[in-house]
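This briefing covers a few secondary-structure elements and how they are packed. Please have the sequence and the model open while reading.

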Amino acid sequence: MTAFFSLIPVLDLMGGQVVRARAGRRDEYRALHSVLCNSSRPEAVVEGLLALYSFRRFYIADLDAILGRGDHRATLENLRRAHPAVEWWVDAGFADAAAAEAWRRGGLGRPVLGSESLAAAPARGDYPGGSVLSLDYRGEDFLGPADLLRDAARWPDDVIAMTLARVGVGAGPDLARLMQLRRLNPACRLYAAGGVRHAADLAALAGAGLAGVLLASALHDGALSRAELAAFHDDRPRNATTGARANAPEPDR
């Protein structure tokens, strides 16, 4: 059996710039310093990431919107105009499915419903078309309505497991939790977020049958090369058991 493995860079936006996330402690986030670019402006960071590799989709956390102190709509509009071929996944602190649907209709990207922002668990049929659910954890604590975990049939097709305590600290992915969530709903496409250090972590996640991974620190610290990323190109099927990629031409970038 084969599956596709997606590599999804993360942009954490705060105060008009990309910040370096660390363990979910948002009061400690500072402007990003990256080997890929010389600026923390979102436009410069995206250009640096695309110069490294031809990523097809990006995940954006609008932290100001999540914290209820503004938003980055103008920045998102600029990014979409500059990179129309990129698919944007955006968490802007949606409190319910109606807010996510309004966002989807605005054309600024696929809405990501972060569990920490949800007032209640939507029924499966209430998720806007193309939306993504993020199951947010801080340490062992689940952030969000408990019904989301009690009834995994509520989940949409694409689900992120966001392990905030492992973001930016080099702790490695939380494979035990990922496998637990995957057992709750084997039919969904599950994406890991938090902890990736190097290519061996990508291999472990692909081999475990994950649909993809959100990446930040490992890219900006230079821990993942263009060749290593190409080995996990998201347009090539991978064996869901071993993680081995099928024979296919190398991508252009």
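A residue counts as buried when its relative accessible area is under 20%, and as exposed when that value is over 50%. The model is a predicted one.

**Strand β10**

- Strand β10 spans residues 158–163 and includes Asp 158.
- The strand is mostly covered, with six of its six residues buried.

**Pairing of β10**

- Strand β8, residues 132–138, runs parallel to β10 and is joined to it by six bridges.
- Within this pairing, Ser 134 stands opposite Ile 160 of β10.
- Strand β11, residues 189–193, also runs parallel to β10, and five bridges join the two.
- Arg 189 in β11 is the bridge partner of Asp 158.

**Asp 158**

- Asp 158 has a relative accessible area of 4%, and it is therefore buried, since the cut-off is under 20%.
- The side chain of Asp 158 makes a polar contact of 3.2 Å with the side chain of Tyr 191.
- Leaving out residues up to four places away in sequence, Asp 158 touches Arg 110, Ser 131, Val 132, Leu 133, Arg 189 and Tyr 191.
- Among these contacts, Arg 189 is also the bridge partner of Asp 158 in β11, and Tyr 191 is also joined to Asp 158 by the side-chain polar contact.

**Helix α3**

- Helix α3 covers residues 73–82, and its buried residues are Thr 75, Leu 76 and Leu 79.
- These residues lie on the same side of α3 because they cover an arc of only 100° around the axis.
- Ala 74 and Arg 81 are exposed residues on the face of α3 turned away from its buried side.
- The elements that cover the buried residues of α3 include β2 (6–14), α1 (42–52), β5 (57–62), β6 (87–91) and α4 (97–106).

**Helix α1**

- Helix α1, one of the elements covering the buried residues of α3, is itself mostly covered, with eight of its 11 residues buried.
- The buried residues of α1 are Pro 42, Ala 44, Val 45, Val 46, Gly 48, Leu 49, Leu 50 and Leu 52.

Technical notes: Residues are numbered from 1 along each chain as its sequence is written. This is a predicted model: local features need pLDDT of at least 70, side-chain atom pairs count only at pLDDT 80 or more; totals for chains, interfaces and linings use all residues. Side-chain values use heavy atoms; hydrogens and water are left out. Helices (H or I, at least four residues) and strands (E, at least two) are DSSP runs, numbered from the N terminus. Buried means under 20% relative accessible area, exposed over 50%, partly exposed in between (1.4 Å probe, protein chains only). A polar contact is a pair of N or O atoms within 3.5 Å; within protein, one must be able to donate a hydrogen and the other to accept it, and residues adjacent in sequence count only if both atoms are side-chain atoms. Contact means heavy atoms within 4.5 Å. The arc is that of the directions from the helix axis to the C-beta atoms. Two strands pair if DSSP finds at least two bridges between them.
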